[in-house]
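This report describes a structure as it is shown below. It takes up one chain first and then the contact with its partner.

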Amino acid sequence: MSTLNIINKSPFEKRTLDQCLKRIGEGDSVLLIEDAAICAVAGTAYAEQLIAASKQSKLYVLQPDLQARGFAEAALLDSMEQVDYEGFVNLVVTHDRVHSWL
Amino acid sequence: MEDDEYQEGGEIKKFLYVNRRLPHGTAYAIESLETVLIGAAFDQDVSMLFIDDGVYQLKKEQAPDCIDFKNFSKTYRALEMYDVEKLYVERESLEERGLTTDDLLVVVELIPGSEVKALVDQQDVILSF
């Protein structure tokens with residue numbers, strides 16, 4: 001059973017990324033959107049935690065949100081996959097449920 | 001006839017309401033509770049999970065009238081009347097805050113953090129507050 005977990009706040013401001021990551025597992029996915037997109041970039045303080053999570057879960061970032069914040073050309077974490085709006089919709093329909101960690 | 005119509009539109013889904021915030025600083029807790037009651041009114045299969053600061057929503061002896069807010073904490077004790085009987089609290093969240101089930105308004109099922117995923121996996125819809 002798979003859950004698409006959506007995070008929309010910077011982990012430097014809110015703890016939703018951390019709260020989510022410690023409660024998900026095999027088959028689940030995390031999609032970083034809006035301000036959360038910034039932690040898809042390599043070299044942040046959250047890189048290690050995300051790399052650990054990627055052993056069990058798939059990680060995605062919404063590309064327009066990354067680009068909007070000046071990270072279109074930035075090096076991302078190896079396990080991070082970029083999606084566009086169509087990809088976002090595909091993720092929603094290919095998972096059993098969505099959990100938006102607002 | 002009316003029964004048939006009801007059956008047609010009457011699909012029952014499993015809803016999990018995830019509560020993660022303190023009760024009176026924002027409106028999330030009261031809005032979650034209102035949404036839970038709507039779900040129950042439509043005969044849906046409703047569960048509530050309290051994690052992180054959400055465990056404070058169930059704390060006994062709340063007196064928000066002191067700060068001019070409504071005391072909706074009593075509503076949690078009435079949930080049973082609406083057939084909302086599955087209340088889960090994450091053990092680690094409670095322990096981190098120095099609380100035990102004795103501090104809570106209602107009887108809950110205490111689950112370890114490692115079982116949260118299994119609970120989520122059973123659901124059709126997740127609403128997070």
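The radius of gyration is taken over C-alpha atoms, and the globule rule is 2.2 Å times the number of residues to the power 0.38. For the 129 residues of chain B, a compact globule would have a value near 14 Å; chain B has 16 Å, which agrees. The C-alpha trace of chain B spans about 55 × 35 × 25 Å along its principal axes.

The model is a predicted one, in which local features need pLDDT of at least 70 and side-chain atom pairs count only at pLDDT 80 or more, while totals for chains, interfaces and linings use all residues. Residues are numbered from 1 along each chain as its sequence is written, and chains are lettered from A and ligands numbered from 1 in the order in which they are written. The predictor's confidence in each residue, pLDDT, runs from 0 to 100. In chain B its mean is 93, and 93% of the residues reach 70 or more. The model scores ipTM 0.80 and pTM 0.87.

Helices (H or I, at least four residues) and strands (E, at least two) are DSSP runs, numbered from the N terminus. Chain B holds five helices and five strands, and along the sequence they follow the pattern α-β-α-β-α-β-α-β-α-β. Strands pair if DSSP finds at least two bridges between them. In chain B an open sheet of five strands has the order 4-3-2-1-5, with parallel pairing. Strand 4 and strand 5 of chain B are the edge strands, each pairing on one side only.

| Edge strand of chain B | Residues |
|---|---|
| strand 4 | residues 109-111 |
| strand 5 | residues 125-128 |

Strand 1 (residues 14-19) of chain B is joined to strand 2 (residues 45-50) of chain B by six bridges, and the two run parallel. Within this pair, F15(B) stands opposite V46(B) in strand 2 of chain B.

A residue is buried if 20 or more other C-beta atoms, placed from the backbone, lie within 10 Å of its own. By this count, 32% of the 129 residues of chain B are buried.

Two residues are in contact if their C-beta atoms, placed from the backbone, lie within 7 Å. Among contacts in chain B between residues at least 6 apart in sequence, 72% join residues at least 24 apart.

The contact between the chains takes 13 residues from chain A and 12 residues from chain B. On the side of chain A that touches chain B, strand 5 (residues 97-100) of chain A gives the largest share, four residues.

Definitions and conventions
A residue is buried if 20 or more other C-beta atoms lie within 10 Å of its own, exposed if 12 or fewer, and partly exposed in between; C-beta atoms are placed from the backbone.
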